[in-house]
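Here are a few exercises to work through with the sequence and the model side by side. Try each task before you read its solution.

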Amino acid sequence: MAEYPNAKVILAHSNPVKETAEMVNKYPNVFCDTACLSKENLTKLRQKVTDKSKILFGSDFPVSHYFASRFSGKTSSLEDEYILTAKNYMF
């Protein structure tokens, strides 16, 4: 990331949280997303990252809908799930 400062890098899924936060804080061109983070890890990430604008909303949508509908019998629409996911992770 230091070698290519003009490249924008997104650390998908932000795991492990501690190392992700260290990279985001160290490099101006590094960002992270919230896809697949538990509420606890999202809270930790928000506490550790100094510039909150570098935490990008991510839901792995519509992958979550596929698995929810296949394995749990959930029948909500993609739009309903997107709205619910966004509300749960709003800063």
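**Exercise 1.** Work out what percentage of the residues of the protein count as buried.

*Solution.* Take buried to mean under 20% relative accessible area, with a 1.4 Å probe and protein chains only. Of the 91 residues, 30% count as buried. This is a predicted model, where local features need pLDDT of at least 70, side-chain atom pairs count only at pLDDT 80 or more, and totals for chains, interfaces and linings use all residues. Residues are numbered from 1 along each chain as its sequence is written, and side-chain values use heavy atoms, leaving out hydrogens and water.

**Exercise 2.** List the order of the elements from the N terminus on.

*Solution.* Helices (H or I, at least four residues) and strands (E, at least two) are DSSP runs, numbered from the N terminus. The protein has four helices and three strands, and they run β-α-β-α-β-α-α.

**Exercise 3.** Find the residues of the largest nonpolar core, and say which element supplies its largest share.

*Solution.* Look for buried Ala, Val, Leu, Ile, Met, Phe, Trp, Tyr and Cys residues joined through side-chain atoms within 4.5 Å. The largest such core has eleven residues: Val 17, Ala 21, Val 24, Tyr 27, Val 30, Cys 32, Leu 37, Leu 42, Leu 45, Val 49 and Ile 55. Next, assign them to elements: α1 (17–26), β2 (30–33) and α2 (39–48) each supply at least two. The largest share, three residues, comes from α1.

**Exercise 4.** Which residues does Ala 21 touch, leaving aside those up to four places away in sequence?

*Solution.* Count a contact when heavy atoms lie within 4.5 Å. Ala 21 then touches Leu 45, Lys 48 and Val 49.

Key: Buried means under 20% relative accessible area, exposed over 50%, partly exposed in between (1.4 Å probe, protein chains only).
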